[in-house]
2 protein chains.
Amino acid sequence: MQNEKQSLKGGEFIIKETEAKDVFIPEEFDEEQLMIKKTCEDFLEAEVFPNLDRIDKLEEGLMPSLMDKAGELGLLAVSIPEEYGGFGKNFNTSMLVTDVIGAGHSFAVALSAHTGIGTLPILYYGNTAQKDKYIPKLASGEWKAAYCLTEPNSGSDANSGKTKAVLNAEGTHYLISGQKMWITNGGFADVFIVFAKIDDDKNLTAFIVEKDFGGITMNPEEHKMGIKGSSTRQIFFNDCPVPVENMLSERENGFKIAVNILNIGRIKLGAAAIGSSRKVINTAINYANERAQFGLQISKFGAIRYKLAEMATRNFAVESATYRAGQNVDDAYERLVASGMDSAKAKLKSTEEFAVECAIIKVWGSEMLDYIVDEGVQIYGGMGFSAEAPMDRAYRDSRINRIFEGTNEINRLLIVDMLLKRGMKGELDLMTPAQAVASELMSIPDFNAAEDEGTFAAEKKIIKNLKKAGLMIAGAAVQKLMMTLAKEQEILMNIADIIGYVYVAESTLLRVEKLIAQKGENAVSGQIDIMRIYLQETVDKVHLAGKEALNSFAEGDELNMMLMGLRRFTKTAPFNIKDARQRVAKQLIEANKYCY
Amino acid sequence: MQNEKQSLKGGEFIIKETEAKDVFIPEEFDEEQLMIKKTCEDFLEAEVFPNLDRIDKLEEGLMPSLMDKAGELGLLAVSIPEEYGGFGKNFNTSMLVTDVIGAGHSFAVALSAHTGIGTLPILYYGNTAQKDKYIPKLASGEWKAAYCLTEPNSGSDANSGKTKAVLNAEGTHYLISGQKMWITNGGFADVFIVFAKIDDDKNLTAFIVEKDFGGITMNPEEHKMGIKGSSTRQIFFNDCPVPVENMLSERENGFKIAVNILNIGRIKLGAAAIGSSRKVINTAINYANERAQFGLQISKFGAIRYKLAEMATRNFAVESATYRAGQNVDDAYERLVASGMDSAKAKLKSTEEFAVECAIIKVWGSEMLDYIVDEGVQIYGGMGFSAEAPMDRAYRDSRINRIFEGTNEINRLLIVDMLLKRGMKGELDLMTPAQAVASELMSIPDFNAAEDEGTFAAEKKIIKNLKKAGLMIAGAAVQKLMMTLAKEQEILMNIADIIGYVYVAESTLLRVEKLIAQKGENAVSGQIDIMRIYLQETVDKVHLAGKEALNSFAEGDELNMMLMGLRRFTKTAPFNIKDARQRVAKQLIEANKYCY
Ligand SMILES: Cc1cc2nc3c(=O)[nH]c(=O)nc-3n(C[C@H](O)[C@H](O)[C@H](O)COP(=O)(O)OP(=O)(O)OC[C@H]3O[C@@H](n4cnc5c(N)ncnc54)[C@H](O)[C@@H]3O)c2cc1C
Ligand SMILES: Cc1cc2nc3c(=O)[nH]c(=O)nc-3n(C[C@H](O)[C@H](O)[C@H](O)COP(=O)(O)OP(=O)(O)OC[C@H]3O[C@@H](n4cnc5c(N)ncnc54)[C@H](O)[C@@H]3O)c2cc1C
């Protein structure tokens with residue numbers, strides 16, 4: 001589209017600036033994308049929302065039939081290539097679908113397990129025969145898919161699975177034996193992506209397994225806190241014969257597949273979180289406008305307005321980051337294909353490139369949603385605790401998101417680990433800017449430096465400074481702790497917090513800047529407030545996380561110097577965050593819905 | 001006990017120091033109290049824990065029969081006077097029972113609704129005939145009690161209820177009509193404390209209503225997110241005839257009764273939260289020591305150790321505040337009775353006196369518990385989401401605590417409101433110290449001031465400074481906003497946060513200081529770490545809340561001066577909080593249980 005667009009590499013945001021014109025913002029979805037969005041919304045209204053109780057009761061056949069209907073509408077095929085019966089839409093369009101459908105509780109989980117971890121391994125790693133055989137059926141929903149990685153003793157440490165695959169004497173089939181756990185869509189899936197180790201391999205291999213291959217049994221449905229309508233099973237493979245041609249990609253390439261598919265799963269989880277939380281925010285605003293106590297609608301009370309504004313702020317912020325990253329993936333894909341790479345490989349490479357961003361969006365999305373459902377319950381008061389009102393389900397369903405697709409602990413660790421590895425490999429030059437910050441620390445601040453000018457000059461300066469803070473701390477931690485840093489998880493968590501907050505805050509700032517360019521300041525005053533609120537909160541978080549980190553590995557003069565640097569980098573002009581929240585709340589309350 | 005004990009008045013902690021020797025700490029419970037504690041623990045182990053699923057299924061007759069058994073053991077009569085068949089134990093003993101039983105999920109709710117809001121209105125406001133008739137039966141558990149205040153349109157605004165009481169023509173009975181909602185123990189209670197308005201009264205009147213008076217019907221059990229085993233009903237009163245002698249206290253005194261009984265309910269909710277969270281912490285430690293990933297017990301990972309340490313820290317801190325306040329209530333009672341006050345009245349006056357502390361403990365207890373169950377779920381990973389593992393129930397059951405006994409929003413508002421009212425009435429001299437802080441702000445800090453000496457001199461100085469910060473901000477807010485402050489809820493929330501954190505942190509410090517005096521530093525190194533962790537967190541919270549408040553009502557030079565003051569008052573020496581948490585986690589993991 002835009003030829004002059006400057007795209008950063010994955011993770012590069014921490015050392016470089018991005019221009020507003022170069023990010024995609026959700027306000028730029030085109031007619032066709034908005035029509036797809038509308039289709040999803042209508043589908044939820046017609047088929048899902050009226051049936052939430054039946055779905056959660058796991059009514060026999062209901063979920064598969066909903067998937068069939070979604071399939072008929074094309075919702076399972078949005079980004080499947082046309083040659084396999086799909087619509088060949090780009091990544092951000094599939095993100096938009098995931099976002100809207102995200103409001104669909106258990107149905108959203110079933111759909112995204114099917115289209116994501118269920119379908120994509122074949123689409124991206126399958127050979128032509130495999131794709132020809134499976135993708136059209138998966139795209140239409142005729143067949144449903146599940147993904148079998150986790151085992152009772154192998155969760156976060158996914159490569160440690162004990163499931164075995166042994167070639168039969170005839171050399172025609174692998175016999176798979178082992179126990180898989182927590183398998184979403186397990187109860188009705190026709191196709192399973194199963195990870196197992198061939199003989200005594202160190203690494204997993206992936207297989208496409210059909211339900212009817214034999215040797216597959218299951219435990220009854222798991223009883224869960226939430227997403228009760230999502231089928232979750234333990235599955236036992238007992239010499240299940242899988243034709244050799246159903247091995248996916250190469251032997252021992254399974255862990256790589258798992259990891260790469262999870263990258264996509266993570267950013268999509270963030271997208272789904274936006275959709276669920278938008279629904280919760282709408283519901284909360286409606287209730288706050290309806291419910292009266294002390295002779296006033298409770299939306300008149302500052303305590304409630306604070307919550308509404310804060311909910312909207314976090315949603316808007318995570319949304320900004322999510323679609324920015326989504327577009328980065330699309331752009332990277334286009335570049336790779338233009339340079340001659342095969343489409344499936346380019347899809348994988350483009351998400352791998354933005355794996356840091358994917359992990360950030362997973363963590364920030366799921367934590368945003370947990371915050372929002374929690375406040376949703378609270379705004380409802382006693383009714384928030386009633387299983388007959390909407391917040392109870394939202395609260396319970398939300399909680400899984402910090403656990404699956406890699407726990408938030410694992411994802412936080414990965415954020416830092418991946419960045420540092422890229423630095424070490426020379427893919428990302430972290431050293432030069434980190435050293436620049438270090439020498440800036442030694443120098444006397446230049447009080448006469450010309451003030452930056454232009455839109456949001458102050459805010460951009462803050463983002464720059466926060467990045468410096470992050471680089472200072474990460475750089476010092478690497479230097480000081482060297483090989484033991486990997487074991488200092490508390491410090492890694494602090495650094496992950498800084499990186500994630502900065503990414504989300506910067507994305508929000510860029511979005512609002514672009515919005516102003518498009519619509520003018522007046523039309524987006526609420527978004528400007530939201531951006532400033534989130535930025536202020538980010539500054540405070542960075543200061544706290546930074547202080548905690550520094551205090552835990554530095555000492556004496558060095559510590560003092562860095563603490564002083566941190567204060568300098570997190571210094572901001574006083575900001576009346578209360579008034580900003582009041583203004584945002586006012587817009588929400590007047591619109592009686594999330595309006596950004 | 002201690003004659004020379006200096007007890008502060010309720011709320012006075014914010015302007016005065018307390019000496020460690022003057023607080024009660026839970027390590028001081030005597031033999032008899034520990035025996036009662038043991039009885040409660042044994043009861044839970046024998047009767048409640050094995051039956052949690054049956055209880056949550058609301059199995060017919062099960063909960064009342066458990067209450068009967070608890071009654072036989074005397075658990076419903078701990079602080080009922082001996083003349084009514086009770087044991088006449090002091091307040092803190094009843095707190096200890098509430099604490100331990102707090103781990104009992106729905107049963108804990110049923111028991112505490114019965115012994116608290118169900119029984120106490122009669123015990124404290126009943127006349128002799130009423131007490132003679134009802135208390136022995138309630139103390140033994142022969143009769144069970146419920147409390148009917150909330151209505152569909154009257155929750156937080158409890159005095160706005162529409163339930164009516166009309167004297168019949170004969171003058172013998174009040175006919176009560178109206179709808180009550182969310183009535184705990186409703187399904188099996190024999191006695192209801194019902195709040196209604198006589199004719200067109202502005203204020204509520206309380207009545208003792210027996211199940212068999214007639215005109216009472218109920219909806220089926222509410223379906224709830226958690227505490228599913230606790231009976232919760234809507235109750236309809238339809239010309240229910242209540243003998244005039246069953247009016248409790250005086251006409252229009254009902255709201256006062258409701259409020260005073262809630263004071264007790266609030267501090268006890270905090271106590272129950274300690275007990276539940278202690279159980280969750282134990283369960284989490286056990287699991288973290290058992291579950292291995294990446295070839296290591298997950299308790300070896302810093303991310304998990306952080307959580308365990310933080311869970312223990314918050315529990316210890318809230319526990320310190322809870323029993324400190326409990327003893328204050330006991331001491332106040334003793335003084336009032338010694339001065340000739342009637343026992344029931346003294347009970348009420350003594351909790352009313354500490355209403356600010358009760359509200360703090362309600363809020364901090366419930367939020368501590370929600371944090372702990374949330375991390376409990378996370379430590380369990382996927383199993384945290386399983387309804388067959390313990391964290392799911394803990395997570396769902398916990399969530400009610402921020403809603404009932406006054407929502408946490410209402411309680412936060414009350415904390416500040418009650419303090420300011422006492423200030424205005426001259427009961428609490430907030431002005432003098434607030435002015436002293438204001439003039440300290442103007443003066444140049446005395447860098448030559450002799451350093452304080454003695455145990456925890458630095459920590460005590462911090463607490464003093466944090467109080468100054470609170471007084472500075474509250475004082476300025478009152479002056480600046482005058483009559484509109486009541487409407488500035490965001491600022492009131494900030495101030496409530498400061499007050500509450502300071503109270504809990506000070507209580508923790510005093511407890512640890514007393515512990516050292518008793519056992520020596522070495523024996524309580526973990527507690528010292530915990531205290532320093534909590535204090536550091538408090539400093540950070542006060543700084544943030546203070547900054548947010550100041551930025552929202554002050555400007556220009558005045559703002560700058562106060563921000564500088566805030567920085568001065570929250571300045572602390574660098575503290576390696578990570579190492580402290582690691583040491584606490586180590587002790588927990590080695591003990592394989594909560595060990596403080
Ligand atoms: C409802 C549901 C649906 C699911 N659907 C699927 C599915 O369709 N297919 C599939 O394959 N799997 C699925 N899963 C499994 C899910 O991916 C795992 O539960 C998740 O990866 C966590 O693994 P675990 O449960 O074994 O937790 P564990 O790995 O045992 O983790 C326990 C705790 O330890 C922490 N931890 C672990 N390792 C480390 C470390 N190195 N450093 C710091 N902390 C660590 C974790 O963060 C967590 O807090 C599902 C799970 C659930 C509950
Ligand atoms: C499981 C359960 C058991 C219960 N047991 C009992 C019982 O045994 N007896 C009984 O009488 N009641 C009981 N209750 C009722 C409980 O006390 C009320 O739910 C609670 O007081 C909140 O009232 P509400 O639900 O009407 O919420 P609302 O008062 O409608 O509050 C909704 C939201 O508005 C906020 N809000 C309200 N007023 C203000 C204000 N002035 N300023 C700022 N924010 C405000 C609240 O904090 C909340 O966030 C129970 C409730 C539940 C859910």
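The model is a predicted one. Ligand 1 lies between chains A and B. Its surroundings consist of 29 residues, and the closest of these are A:T150, A:S156, A:W182, B:R291 and B:Q378. On the side of chain A, a backbone N or O atom of A:L149 is 2.9 Å from an oxygen atom of the ligand. A:T150 uses its side chain: an N or O atom there lies 2.7 Å from a nitrogen atom of ligand 1. On the side of chain B, a polar backbone atom of B:Q378 is 2.6 Å from an oxygen atom of ligand 1. Taken alone, ligand 1 exposes 970 Å², and the protein buries 95% of that.

Several elements supply two or more residues to the shell around ligand 1: from chain A they are β3 (173-184) and α13 (408-424), and from chain B α9 (302-338) and α11 (355-379). By class, the residues of this shell divide into 16 nonpolar, 10 polar and 3 charged.

Ligand 2 can be read in the same order. Which residues come nearest to ligand 2? Of the 29 residues around it, they are A:R291, A:Q378, B:S156, B:W182 and B:T407. The site is shared between chains, because residues from both A and B surround ligand 2. A polar backbone atom of A:G382 is 2.8 Å from an oxygen atom of the ligand. From chain B, a polar side-chain atom of B:S156 is 2.6 Å from an oxygen atom of ligand 2. On its own, ligand 2 exposes 970 Å², of which the protein buries 95%.

At least two residues of the shell around ligand 2 come from each of these elements: α9 (302-338) and α11 (355-379) of chain A, and β3 (173-184) and α13 (408-424) of chain B. The shell around ligand 2 has 16 nonpolar, 10 polar and 3 charged residues.

Next comes a strand of chain B. Strand β5(B), residues 205-210, is mostly covered, with 6 of its 6 residues buried. In a regular strand, side chains alternate between the two faces of the sheet. On one side of β5(B) stand B:T205, B:F207 and B:V209, on the other B:A206, B:I208 and B:E210, and all are buried, leaving both faces covered.

What does β5(B) pair with? One partner is strand β4 (residues 191-198) of chain B, which runs antiparallel to β5(B) over 6 bridges. Within this pairing, B:F195 has B:A206 of β5(B) as its bridge partner. The hairpin of β4(B) and β5(B) has 6 residues between the strands, and B:D199 there takes a positive phi near 50°. Strand β8 (residues 247-248) of chain B also pairs with β5(B) in the antiparallel sense, over 2 bridges. Here B:F207 stands opposite B:M247 of β8(B).

A:H114 sits in helix α5 (residues 106-118) of chain A. Is A:H114 buried or exposed? A:H114 counts as buried, because its relative accessibility is 0% and the cut-off for buried is under 20%. The side chain of A:H114 has backbone atoms within reach: the backbone oxygen of A:L138 is 2.9 Å away, and the backbone nitrogen of A:A145 lies 3.0 Å from a polar atom of that side chain.

A:E221 is found in the loop between β6 (216-218) and β7 (232-243) of chain A. Its side chain makes a polar contact with the side chain of A:S231 at 2.7 Å. The side chain of A:E221 also makes a polar contact with that of A:R233, at 2.8 Å.

The cysteines come last. A disulfide is a covalent bond between the sulfur atoms of two cysteines. Over all chains, the structure holds 0 disulfides. A:C358 has a relative accessible area of 0% and is therefore buried. B:C40 also counts as buried, at 0% relative accessibility.

Key. Residues numbered from 1 in each chain as written. Chains lettered and ligands numbered in written order. Predicted model: local features only at pLDDT ≥ 70, side-chain atom pairs only at ≥ 80, totals over all residues. Heavy atoms only, no water. Disulfide = S-S within 2.5 Å. Buried < 20%, exposed > 50% of the residue type's maximum accessible area, 1.4 Å probe, protein only. Near = heavy atom within 4 Å. Polar contact = N/O pair within 3.5 Å; in protein donor to acceptor, adjacent residues only side chain to side chain. Areas by Shrake-Rupley, 256 points an atom, 1.4 Å probe, with all protein chains shown as cover. Helix = DSSP H or I, 4+ residues; strand = E, 2+ residues; numbered from the N terminus. Nonpolar A, V, L, I, M, F, W, Y, C, P; charged D, E, K, R; others polar. Pairing = 2+ DSSP bridges.
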